[in-house]
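Hello,

Here is the structure I said I would pass on. My notes on it follow below.

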Amino acid sequence: MGVSIALQRAESLIASIPDYPKPGVLFRDIAPLLADGPAFDVTVRALIEPFAGDFDVVAGVDARGFILAGAAASQTKAGFLPVRKKGKLARPAFSAEYELEYGTATLQVQNDVKAGSKVLLIDDVLATGGTISAAAKMIEQLGLELIGVAVLFEIDGLGGRAKLEDRYLHTVFKG
């Protein structure tokens with residue numbers, strides 16, 4: 001099966017759940033994609049393809065970004081930097097509050113990566129851009145070089161891409 005056909009199949013596994021977690025939000029459930037080994041593999045490969053060999057560490061955003069970033073780090077033998085929700089880290093170095101399409105939240109990171117390391121930031125969905133923008137700023141506050149952002153799915157019309165300023169963004173699926 002060709003890569004584009006395999007990616008089309010992987011995309012077809014993403015379920016759209018209306019009004020979750022609150023009315024007006026369209027939730028993209030990637031669990032069916034994650035449960036399918038070949039679809040998961042081709043998706044992770046597509047996430048990292050434009051950045052091949054140009055990063056030392058993969059940062060993943062809590063929670064579903066952890067899954068994708070952990071797999072990407074393992075495939076490339078890179079380190080992994082968790083970007084966690086507030087209160088989940090023993091030694092947070094930086095915190096950043098941001099707005100979601102349905103509220104506000106805070107992310108935190110620890111300072112466990114060598115300064116100057118090249119980092120690829122991965123999350124599952126880019127919607128308003130608040131989560132990824134906050135994570136990107138903290139990565140840079142740590143003295144790390146953010147070489148790009150990769151997301152599984154970008155939701156058009158919510159302004160997320162604009163919040164990433166001039167950072168390189170790679171999206172596997174759009175819609």
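Helix axes here are lines fitted to C-alpha atoms over the stretch in contact, and angles run from 0 to 180 degrees between N-to-C directions. Helices (H or I, at least four residues) and strands (E, at least two) are DSSP runs, numbered from the N terminus. The model is predicted: local features need pLDDT of at least 70, side-chain atom pairs count only at pLDDT 80 or more, and totals for chains, interfaces and linings use all residues. Residues are numbered from 1 along each chain as its sequence is written, and side-chain values use heavy atoms, with hydrogens and water left out.

Helix packing

The axes of α1 (residues 3–12) and α3 (residues 37–48) are 9 Å apart, and the two helices pack at about 110°. That angle makes α1 roughly perpendicular to α3 (65 to 115 degrees). On the α1 side, the contact (heavy atoms within 4.5 Å) involves Val3, Ala6, Leu7, Arg9 and Ala10, and on the α3 side Ala39, Val42, Thr43 and Ala46. By type, the residues of this contact are 7 nonpolar, 1 polar and 1 charged; Ala, Val, Leu, Ile, Met, Phe, Trp, Tyr, Cys and Pro count as nonpolar, Asp, Glu, Lys and Arg as charged, and the others, Gly among them, as polar.

The length of α3 agrees with expectation: its 12 residues should span 16 Å at 1.5 Å a residue, and its end C-alpha atoms are 17 Å apart. The expected span is 1.5 Å times one less than the number of residues.

Burial

Buried (under 20% relative accessible area, 1.4 Å probe, protein chains only) residues of α3 are Ala39, Val42, Thr43, Val44, Ala46, Leu47 and Ile48. They pack against α1, α2 (31–34), α4 (64–76), β7 (118–126), β8 (145–154) and β9 (169–174).

In helix α4 sits Ala71, which counts as buried at 19% relative accessibility. Neighbours within four places in sequence aside, Ala71 is in contact with Phe40 and Val44.

Backbone points to check

Most residues other than glycine have a negative phi, and most peptide bonds are trans. Tyr20 and Pro21 are joined by a cis peptide bond with omega about 10°, and Asp62 to Ala63 is also cis, with omega near 5°. Pro21 lies in the loop between β1 (15–18) and β2 (26–29), while Ala63 is in the loop between β3 (57–61) and α4.

Asp19, not a glycine, has a positive phi of about 60°; Asp19 is in the loop between β1 and β2.

Regards

Terms used. Parallel < 35°, antiparallel > 145°, perpendicular 65-115°, else oblique. Buried < 20%, exposed > 50% of the residue type's maximum accessible area, 1.4 Å probe, protein only.
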